[in-house]
Amino acid sequence: MRPSLLPGLVAAARANSDRGFPDVALFEVGQIFMGDRPEDQFVAASGVRHGFASSKGMGRHWSGSATADALDAKADALAVLSATGAPMQALQIVPGGPGWLHPGRSGTIQIGPQNVLGYFGELHPRALEALHADGPLIAFEVILDRIPAAKQRPTRAKPLLELSAFQPVSRDFAFIVDRSVRAGDIVRAAQGVHRKLIADVGVFDVYEGKGIEDGKKSIAIAVTIQPREKTMTDQEIDAVGARIVAEVAKKTGGTLRG
C-alpha cells in the first residue's frame with residue numbers, strides 16, 4: 001500500500017529520461033495509505049516536472065527556455081485545488097515541507113495548521129538518491145479528501161415562466177440627449193414604464209454627427225410590448241409609447257427625434 005503517488009511518478013520520469021525524453025510533466029490521481037485503518041486511506045493528486053517541462057513551455061526554444069522550478073509545482077497544486085472547488089481565499093502558503101522536499105525550495109498548502117492540504121517544491125537530493133533519479137525534479141501532492149465541502153448558499157426560487165398567447169408588438173424610438181447621457185439610462189427609463197407589458201428594451205443605434213447639434217447625440221431603442229390578457233388596440237399601444245417618451249424625458253432630458 002503506497003503512502004504517496006510520487007515515487008511512481010519519479011520512476012516514470014526517470015524511465016522517460018533514460019529513453020531520451022528528459023523534459024516531462026506527469027500527474028496521477030489515486031489512492032494513498034497513511035496507515036492500516038480505513039480512515040488512513042485518502043485520494044491524492046500528484047505531479048512531477050523534470051528538465052525544461054516548465055509552465056512556460058516544453059523543451060528548448062530559440063526565444064529562451066526555463067527549467068521547471070518550485071513555482072511551477074505551486075501553480076500546479078493551486079490549479080488542482082481550484083478545479084476541485086477548494087476555498088482559494090482561505091488557503092495559506094507556509095514555507096517548507098516534509099523531509100523529502102528541499103527546505104528552501106518548498107511550501108505547504110493549508111487551511112490553518114490543523115488541515116494541511118498538500119505540499120509542493122523541489123525534491124531533496126537525498127530523496128532523489130533514494131529513488132535513483134537525477135535532479136532537479138519538481139513535485140506536488142494534494143490530498144483531495146481534505147478539501148472542505150463547499151458551503152450551501154441559499155438560492156431564490158426562479159419565478160414561474162409566463163407565456164403569452166398574444167402577439168408581441170415592437171416599437172422604435174430615437175431620442176436626442178446630451179452626450180453625457182448613457183444608453184443604459186434610457187433603457188432603464190423605458191423598462192420602468194410597465195414591468196409586465198414591456199418585455200424587452202434594446203439599443204440598436206447611437207449617432208453623433210450631421211443633423212445633430214454639438215454636444216448632443218441620438219440613441220435609438222427598440223421596445224417589445226407583450227400583451228398579457230388581450231390583444232392591445234392601437235390606442236393602447238400609443239398610450240404606452242407616450243408614457244415611454246415622457247419617462248425618458250423625465251429621467252434623461254431626452255426629446256423624441258423628429
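Me: Is Lys250 buried or exposed?
Reply: Lys250 has a relative accessible area of 65%. The model is predicted: local features need pLDDT of at least 70, side-chain atom pairs count only at pLDDT 80 or more, and totals for chains, interfaces and linings use all residues. Residues are numbered from 1 along each chain as its sequence is written, and side-chain values use heavy atoms, without hydrogens and water. Buried means under 20% relative accessible area, partly exposed is in between, and exposed is over 50% (1.4 Å probe, protein chains only), so Lys250 is exposed.

Me: Thanks! In which helix is Lys250 found?
Reply: Helices (H or I, at least four residues) and strands (E, at least two) are DSSP runs, numbered from the N terminus. By that numbering, Lys250 is found in helix H5.

Me: How far apart in space are Lys250 and Gly35, C-alpha to C-alpha?
Reply: Start with the sequence, where Lys250 and Gly35 are 215 residues apart. In space, their C-alpha atoms are separated by 74 Å.

Me: What is the radius of gyration of the protein chain?
Reply: The chain has five helices and twelve strands, and its C-alpha trace spans about 90 × 50 × 35 Å along the principal axes. The radius of gyration is taken over C-alpha atoms, and the globule rule is 2.2 Å times the number of residues to the power 0.38. For 258 residues the rule gives 18 Å, and the chain is well over that, so it is more spread out than a compact globule: its radius of gyration is 32 Å.

Me: What share of the contacts with a separation of 6 or more is between residues 24 or more positions apart?
Reply: Contact means heavy atoms within 4.5 Å. Among contacts in the chain with a separation of 6 or more, the share from residues 24 or more positions apart is 58%.

Me: Which residues of the largest nonpolar core touch the most other members?
Reply: A nonpolar core is a set of buried Ala, Val, Leu, Ile, Met, Phe, Trp, Tyr and Cys residues joined through side-chain atoms within 4.5 Å. The largest one has 22 residues, and the elements giving two or more of them are strand S9 (169-178), helix H4 (183-191), strand S10 (198-207), strand S11 (216-225) and helix H5 (234-252). A second, separate core has 13 residues, including Leu117 and Phe140. In the largest core, the members touching the most others are Phe175, Ile186, Val201, Ile221, Val223, Ile225 and Ile244.

Me: How much space lies in the largest pocket?
Reply: On a 1 Å grid over the protein atoms alone, a pocket is an open set of points where a 1.4 Å probe fits, with protein on both sides within 12 Å along at least five of seven lines; lining residues have an atom within 4 Å of a point. Grid points are joined across faces, edges and corners, and a volume is the space filled by probe spheres set on the points. Of the 16 lining residues, those closest to the centre are Pro3, Ser4, Leu6, Trp100 and Glu141. The space in this pocket is about 290 Å³.

Me: And how many charged residues are in the lining of the second largest pocket?
Reply: About 200 Å³ of space lies in this pocket, and its lining includes His194, Lys196, Arg228 and Glu236. Ala, Val, Leu, Ile, Met, Phe, Trp, Tyr, Cys and Pro count as nonpolar, Asp, Glu, Lys and Arg as charged, and the others, Gly among them, as polar. The lining has three nonpolar residues and one polar residue, and the number of charged residues is five.

Me: What is phi of His132?
Reply: His132 also lies in the loop between H3 and S8, and it counts as exposed at 64% relative accessibility. Its phi is a positive value in a residue other than glycine, near 55 degrees.

Me: Last one: how far apart in space are Pro22 and Gly51, C-alpha to C-alpha?
Reply: Pro22 is in the loop between H1 and strand S1 (24-33), and it is partly exposed at 34%. Leaving aside neighbours within four places in sequence, Pro22 is in contact with Asn16, Ser17, His50 and Gly51. Pro22 and Gly51 are 29 residues apart in sequence, and their C-alpha distance in space is 5.9 Å.
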